Amino acid sequence: MNIIKFLENLSDNQLLETKGSRRDSLNQITNAGKNFAQASIPFALAATSKKTSAATMSMSSAMFQASPTDVLNFALTLEYLEREFYQIGMDTAGLIDADDRDVFGLILRHENSHVDLLLLALGDDAIDKPTFDFTGAPGGLALNPFGDYPTFLALSQGFEDTGVRAYKGQAGALIDNDVLLEYALQIHSVEARHASQVRRMRDEKGWITFEENTLPAAFSGIYEGEDNTIQLGINLAGKFPSFGGDAAVTEAFDEPLTMAEVNAIAGVFIV
Amino acid sequence: MKKPMINVQSFHDGREGKMNSRRQFLKIGGLAVVGSSLFLYSCEEDGITDEEINALDAKGVDNKRVFNLGTGDLAILNYAYILEQLEAAFYTAVINGSYYEGITDAKEKQILTDLWYHEVIHRDFLKTALNSIASPGRIAPDLEFNFSSVDFGSRDNVLTVSQILEDTGVSAYNGAGKLLESADYLLLAGKIVSVEARHAAAIRDLIRPGTTYFAGDDVLVDLLGTGIAYDKAVAPRDVLAAVAATGFLETKIIANNLPTA
């Protein structure tokens, strides 16, 4: 229940008034058997919120949505991974070009903060840090990111672009909790700033064109589906010939990944 | 009934220096606007009465001089459409200006070109999407902008305004997310906001290449004492106040009925 403690620091007392009151309605859109997790999350809205019915009705995927605790632990796994990756990178003498150390030092600082925020939010429900192997051995790879700077840069880009897609994919699962949703969005766009920077350090555009993947082929899943041209049911393909065409259309919208898709990518590095 | 109003006046009155509106934009960006409603206008001599506002509230009149955002998700989509119109209009002016024409660095030129493409695509897409869910009178009109305070021959000036627009866009979408009722619109906002963040980082890196400025402490904030590592999430009325203060927007925006939670 540590999440209650930190929310008590917030000025909005409304947050606490409805603690746990949405449990029944949420059970309709989350997997059975997760009740223990939901009970520990305070909800910012009244039980009769329009948002619950909207989330239930508007997305067929709602029935597969994870609980907020599952979402935060999922995010925490990715943040643990990024933090450890950058920490080892910064600690490995001679790996990171001198000119790039400020950038990666800042990214590491951010990932540290993100881990701390998620730990604070989850309290006793936080999962322990997994054991990571950045050679990718768990996925059958033999990478050398801490001995080869281009590989380090490539994995950094992959982790950041995956992070952006991962947070985006879970926003809907947090729609009933304004506080957690806003925190997640505030992390999400910082991951996008990181991704843009690292991509340009690798002489790529800061944004994703079609499904283009310049990482090792094993990571094509990171960009799968980024070539989508249909938004809110409107197909934008062929509509912007004078504005960069379909390439620009796919660049203009980042696409989400599901939790399962992200876990498959991250699983390559988790022992 | 008289509606409470906050009048956010334009600082663009022709007597001020080229970059004065930018400084005011930065200054007012941190302004806490209080009150139960907000009436924004960008040209102080164009007065409008309470009666006119109430009439517009009731009828949702399509009018280029004044527009009521409406309520609920529609209001938020209109709000996003207005911000995208502003960005698209700005980059259209950029690519027609002498700074852009004179860029010799291919990557720098590509970034500005792509930003123009992306913002035009966002704008036109939102217009199409709005037309599919609301009657014409409820959709923001094609707005008129005045960029006379910007020197489009100046790299510094263009990039500075670009950075402000992109950072503001990020904070605006982040602040709007919790106001949306529809999970589909929330996902759409997520698809756009991360691209705006990619833009912001790219423009910032053109201003201070290879530094930490792409995600600098000047634009990020702390959450719960865990460190400065988060983009801002700013409420629509504060974003609109900052936009009005630039003097770029010639249409009055009425944001009385925006959702607040």
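Predicted model: local features only at pLDDT ≥ 70, side-chain atom pairs only at ≥ 80, totals over all residues.
**Overall make-up of chain A**

Chain A contains 11 helices and two strands. In sequence order its elements run α-α-α-α-α-α-α-α-α-β-β-α-α. Of the 271 residues in chain A, 47% are buried. When contacts between residues at least 6 apart in sequence are considered, 70% of those in chain A join residues at least 24 apart.

**A pair of helices in chain A**

Helix α6 (residues 68-91) and helix α8 (residues 149-170) of chain A pack against each other at an angle of about 165°, and their axes lie 11 Å apart. Angles over 145 degrees count as roughly antiparallel, and α6(A) and α8(A) are therefore roughly antiparallel to each other. Their crossing is left-handed. On the side of α6(A), the residues in this contact include V71(A), F74(A), L78(A) and F85(A). On the side of α8(A), they include F152(A), L155(A), F159(A) and Y167(A). The residues of the contact between α6(A) and α8(A) comprise 11 nonpolar, three polar and one charged.

**A helix with one buried face**

Helix α11 (residues 259-266) of chain A has V262(A), I265(A) and A266(A) as its buried residues. Viewed down the axis of α11(A), these buried residues fall within an arc of 95°, so they line one face of the helix. An α-helix has 3.6 residues a turn, so residues three or four places apart point the same way. Among the elements that cover the buried residues of α11(A) are α6 and α8 of chain A.

**The contact between the chains**

Chain A contributes 60 residues to the contact, and chain B contributes 47 residues. Five helices of chain A, namely α5 (50-58), α7 (101-122), α8, α9 (178-201) and α10 (245-252), each supply at least two residues of the side that touches chain B. The helix that gives the most to this side is α9(A), with 17 residues. The table sets out the kinds of residue on the side of chain A that touches chain B.

| Kind of residue | Number on the side of chain A that touches chain B |
|---|---|
| Nonpolar | 29 residues |
| Polar | 16 residues |

**A residue of chain B**

I164(B) belongs to helix α6 (residues 155-176) of chain B. Is I164(B) buried or partly exposed? I164(B) counts as partly exposed because it has 19 C-beta neighbours inside 10 Å, whereas a buried residue has 20 or more. The C-alpha atoms of I164(B) and F67(B) are separated by 24 Å, and the two residues are 97 residues apart along the chain.

Notes
Residues numbered from 1 in each chain as written. Chains lettered and ligands numbered in written order. Axes fitted to C-alpha atoms, helices over the stretch in contact; angles between N-to-C directions. Helix = DSSP H or I, 4+ residues; strand = E, 2+ residues; numbered from the N terminus. Parallel < 35°, antiparallel > 145°, perpendicular 65-115°, else oblique. Left-handed = near helix turned anticlockwise from the far one by under 90°. Contact = placed C-beta atoms within 7 Å. Nonpolar A, V, L, I, M, F, W, Y, C, P; charged D, E, K, R; others polar. Buried ≥ 20, exposed ≤ 12 C-beta atoms within 10 Å, placed from the backbone. Arc of directions from axis to C-beta.
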